[in-house]
Structures are given as C-alpha cells and as structure tokens.
Amino acid sequence: MFSPSSFVSRRHGEGRSPLLLTAALVMALPGFLATACSSQLGTGTAPREATATAGGPAASAAAEQAPATGRRTSSTRALHLLSQAAQAAISMSYQGQEVVTRWSDGSGSVLVSDIWHVSGGQTVTQTTAAGSSLSSQPFLSSDDDSQAPEGVLGVTVPLIGLLETHYTVVYAGTGSADSRTAQVVEARREDGSLAARFWLDDATKLPLEREVFDSTSHVISQDVFIRVRFSTQAQAAVPVGGPSDPPGPWADPLSHAQLLALHTQGWLVPAGLPGGLSLFTGARTTTTTGTVLDLGYSDGLSVVSVFEQRGHLAAKLDGWQRTIVGGQVIYVAEPDQRSLTWSSRGMVYTVMADAPVQTVNAVVGVLPHDTPPGFWQRMSRGFVRLASWVNPFG
Amino acid sequence: MSHLGDRLSALVDGELDGAERDRAHAHLASCEQCRTEAAELRILKQKLSTLMTGAPAEAAMTKRLIAMTGPGGPMPSRRGATRVSRRPGTRGLRGARSAGRRRYLMLGTVSLVVGLGAAAFSAGGGGEAAPGPRITPPVEMYSVEHAITTGQVPFAPPAVSPAASSPVASASAASLP
C-alpha cells in the first residue's frame with residue numbers, strides 16, 4: 001500500500017486549548033441529546049440525507065464519538081471491528097443476496113446478486129437484473145488464495161487501511177440490518193461530515209450494509225447484504241454445474257518496486273489521483289492484443305481502476321458511446337455508464353470507477369489526452385501521407 | 001436581245017465612260033432582267049462597303065482591350081502598360097499575349113498550391129497513424145478485475161458481454177423510478 005502519512009501526522013500533531021475544548025463541548029451537547037433521543041438506524045433503500053450523528057447508538061457509543069467539528073482520531077474499537085469484518089468475509093462460510101444501489105445526477109440504478117462463499121475458498125456470485133428472474137450464469141471468483149473475496153460490501157484489508165488513512169473512523173453504537181443486531185461504524189471527513197456508515201453483524205462481524213455519502217451529505221451508494229445464512233448451509237447451497245472458469249489470468253498484485261519498474265518501461269503509474277485517491281494495488285495480464293496493466297486507486301471508499309494497454313482504440317466500438325468529459329472526447333460504455341475509455345499517444349486508457357461523478361471527471365482530466373494538432377503540424381503530416389500514397393516504392 | 005453581262009458590274013462600279021454608260025442605261029430602261037440584276041449588285045456593293053468601313057473600328061477596340069489586360073492583371077506594371085499604350089503595333093500585341101500566358105500560369109500555380117494544401121490538410125487529420133493494435137476494451141474482464149479491487153460483486157453490462165459467451169455473471173443496471 002502506498003498511502004501518504006500526512007493525514008495521520010496532522011491529526012495527531014495538533015494541540016487544543018482548554019477554551020476551544022470547552023466551546024466544542026458546548027456545541028456538541030445538543031448533538032448528544034439528539035443522539036440519545038433518536039430512533040434506531042434504518043435500512044431503507046431510498047436516498048436520504050446523512051445526519052451528523054448516527055441514529056440509535058448505545059450510550060457507550062456516544063462516549064466514543066467526538067464532536068462533529070473536531071474529530072481527529074479514529075476509534076480503536078471501530079478499526080478493530082472493520083478488521084474483524086474483513087477477516088470474517090474470508091474465514092466465514094455464508095450465502096446471501098447483495099443489493100447494490102447507486103445514485104448519480106438524480107438517477108439511480110440497482111443491482112442484485114446472489115453470493116455464496118466457502119470458508120477459505122472461492123466466492124460464487126450470480127447476478128440478476130434488478131431482482132428479476134433473468135438470472136445470468138454464475139461467476140466463480142478467481143480469488144484462489146482468498147485474499148480478496150468479492151461480495152463483502154467493499155470491506156477488505158487494503159481498503160480498511162486506506163479508510164483509516166483518509167478518514168476518521170469511529171464507532172457509532174448498535175443498530176440493526178437484515179433483522180440482525182449490528183455494530184455501526186462511521187467514516188468521517190476532516191470537516192466532520194459523514195462519508196460512510198457500516199453495519200457489521202454483531203455475532204460474526206460480517207458486513208451487512210454500507211452507505212456512502214457525498215460531500216453534501218447525500219447518499220450516493222447503498223450496499224445491503226440480506227437473507228444471510230452462515231456455516232455449512234452456505235456450502236450446500238452453491239449452484240451445481242454453474243460456476244465458470246475465472247476469466248483473465250491476472251497476475252498477483254504487483255509490489256511497489258514492480259510498479260516503479262513499470263513506470264520506467266513507459267507505463268503511466270501516477271502515485272495518486274484527484275479526490276485523494278492513492279495507488280494501492282496493481283496487476284498485469286496478457287491478452288491477444290497485448291499486455292494490460294490495471295492500477296487500483298482508492299481512499300478507502302471510492303475506488304477507481306485505470307487499465308492501460310498499448311495501442312489505439314478500434315475505429316468502431318460496439319457498446320460504447322462517444323461523449324465529452326471535461327472538454328475531452330471519450331467513450332462511455334453502455335448501459336452502466338461507469339466505464340470510460342480513450343486513447344492517447346499510443347496508449348488506450350480505460351477507467352472504471354465506483355466514485356462520485358466529480359471525482360471521476362477529475363481523474364479523466366488529469367490522465368493524458370491527445371490535443372488536436374496545430375495547422376502546420378497537420379499540414380506536415382498530410383504532405384507526408386500524400387507522398388506515401390503516390391510513392392510507388394512505399 | 002443581248003443583255004449587259006459583264007458591263008453590268010462595270011456600270012455599277014462606275015467604270016463605263018459616257019457612250020458606253022448611255023447605251024447601258026438605254027438597255028436597262030427596256031430590260032427588266034438587267035435592271036433587277038443591277039439593283040441586286042448595288043445592294044451587295046453597299047453591304048460590302050459597310051463591312052469594310054466597320055472592321056477597322058472593331059480591330060482598334062480589340063487592341064485597346066488587350067492593352068488594358070496587360071502584365072500584372074488588375075495592377076499592371078507602369079513599364080509594361082506604357083510600352084503597350086505607346087506602341088500599339090505588333091510588339092505590343094505580342095507582349096499582351098505573353099502577359100496573358102503568365103497570368104494563366106500564375107493562376108494554375110495558385111490553384112495547384114491551394115489544391116495540394118487542401119488535400120494535405122484533409123489527409124493530415126484523424127490523428128497519428130502510429131503502429132499498434134486496434135483495441136476494443138474488454139469490459140467484462142475489466143469489470144471482474146475492478147470488482148476484485150473494490151471488494152464488490154463483479155458484473156458486466158449485457159450489451160457488451162452476452163451471458164451465453166461470457167464466463168462472467170452478466171447483469172444490468174435498472175433505472176429506479
């Protein structure tokens with residue numbers, strides 16, 4: 001993981017005057033009262049605004065919450081809970097249904113997937129379109145070593161590390177999700193605004209729900225794990241004959257040294273991207289058209305994958321639509337609209353993002369794009385081409 | 001009765017002397033045929049005279065027009081224009097023809113340059129034709145890798161990756177009301 005440590009040092013390095021602490025406590029008192037009187041945390045699917053304090057936390061949780069405007073340190077208990085959740089996603093055997101809902105620019109989309117995971121083994125997912133009966137073929141995870149299982153609401157060991165680096169993680173008490181008692185953990189920004197909220201199963205610590213908020217406190221994504229069953233029941237319910245071979249022989253994640261070596265070989269490997277995204281993983285595979293490099297960037301909540309491949313975009317791109325982002329002509333995949341691609345200077349860039357639109361646009365803006373040639377450059381290139389056309393020996 | 005014959009044209013041209021002319025006039029008075037021929041000859045002579053008197057005026061006008069289109073076209077050089085106007089004879093006409101040829105040569109050259117420039121500008125568009133494969137990004141493969149990175153469920157849009165040919169679970173994102 002390659003994450004800057006400036007956030008951590010800044011959080012721990014600032015002193016506080018008694019006057020400031022008194023003022024902060026006075027300001028936080030109404031928040032504590034509201035917290036004590038509020039109802040239990042809900043699990044609805046409609047977008048809603050975040051509140052400064054989580055609803056329904058226990059009194060012990062309130063004692064761990066810092067004032068909304070003065071959060072500086074993450075809660076040890078909260079970090080421990082998230083670590084347990086990441087381990088539970090690997091070590092537990094479970095099955096259930098994950099409902100992923102995303103909102104962007106006033107419109108939303110929902111994705112429903114059935115998930116089976118065997119302890120220490122692979123994960124099987126079968127996705128249906130918006131919960132309809134049009135089920136697709138199951139997908140067998142290529143995660144042979146169980147280090148990055150899918151279908152755990154984005155709670156993985158690397159992302160938790162980034163979450164701790166970029167946000168203040170606090171324990172927010174108990175709640176309920178999928179009719180199960182859950183421990184609630186929140187991630188807050190430097191200004192104290194709510195960035196994400198996690199519901200972790202009280203008994204197993206498996207993630208049951210996650211909500212992500214934008215800077216204006218609106219929900220931009222909600223992942224819910226429902227109908228969860230544990231232990232050997234999950235193993236017995238894996239669909240027979242369904243799982244397919246894992247696609248794409250992606251190599252194991254590249255080390256920092258390997259990524260730096262790629263940089264010297266002409267690949268673009270920025271250490272960070274706009275939105276506070278840090279490079280935390282990279283992988284490589286070989287296709288029929290050449291080597292593909294995958295670079296993963298995240299702040300613990302938003303994740304952007306940048307795929308690079310030497311070459312040029314095909315003249316005709318089926319399933320892609322031409323659009324303009326930040327003044328640059330790119331192509332967006334239909335219908336999910338979350339995959340963007342373009343080519344520049346002999347390299348094809350494809351960006352897949354689970355991030356706010358503003359972050360995605362900023363990422364596209366900082367990556368290379370071809371600028372239209374000047375008049376003389378275009379004329380020169382044209383004369384060369386004309387000469388090559390009439391050259392009988394060319 | 002014998003007719004005037006060749007003497008008729010001599011009469012019309014005024015080439016007969018007194019006795020000959022009197023006898024010819026006496027014959028015309030009594031001969032309808034010779035009178036008609038004499039009238040036709042006079043009309044023909046008048047038309048030819050008209051043509052002969054109009055030709056020099058048109059030739060002069062042609063020379064003046066050629067002189068106006070001297071070397072340099074719309075902005076003739078002082079030297080060339082002076083020579084043509086001062087010497088409207090054979091040498092002036094030759095110079096005007098040479099200037100016309102230069103003008104056409106210049107027009108041809110300009111047309112060639114403009115045409116080549118337009119063709120080069122058109123051919124120079126469309127980006128660099130650098131070597132390398134033409135790629136259609138494999139969305140489904142990227143989606144799976146991205147899902148592993150995010151710790152989320154892998155899926156790919158069905159429009160890009162038909163489920164029948166893909167090992168990846170295909171899904172679509174349905175719009176919410």
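A residue is counted as buried if 20 or more other C-beta atoms, placed from the backbone, lie within 10 Å of its own, as exposed if 12 or fewer do, and as partly exposed in between. By this criterion, buried residues make up 44% of the 394 residues in chain A. The structure is a predicted model, in which local features need pLDDT of at least 70 and side-chain atom pairs count only at pLDDT 80 or more, while totals for chains, interfaces and linings use all residues. Residues are numbered from 1 along each chain as its sequence is written, and chains are lettered from A and ligands numbered from 1 in the order in which they are written.

Chain A contains 9 helices and 18 strands (DSSP runs numbered from the N terminus: H or I of at least four residues for helices, E of at least two for strands). Of the contacts in chain A (C-beta atoms within 7 Å) between residues at least 6 apart in sequence, 58% join residues at least 24 apart.

Helix 4 (residues 76-91) and helix 5 (residues 157-166) of chain A pack at an angle of about 165 degrees, their axes 9 Å apart. Helix 4 of chain A is therefore roughly antiparallel to helix 5 of chain A (an angle over 145 degrees). Leu79(A), Leu82(A), Ser83(A) and Ala86(A) of helix 4 meet Val157(A), Ile160(A) and Glu164(A) of helix 5.

Ala353(A) lies in strand 18 (residues 347-354) of chain A. Ala353(A) is buried because 25 other C-beta atoms lie within 10 Å. Beyond residues up to four places away in sequence, Ala353(A) touches Val304(A), Arg338(A), Val360(A) and Val363(A).

Key. Two residues are in contact if their C-beta atoms, placed from the backbone, lie within 7 Å. Axes are lines fitted to C-alpha atoms, for helices over the stretch in contact, and angles run from 0 to 180 degrees between N-to-C directions. Angles under 35 degrees count as roughly parallel, over 145 as roughly antiparallel, 65 to 115 as roughly perpendicular and the rest as oblique.
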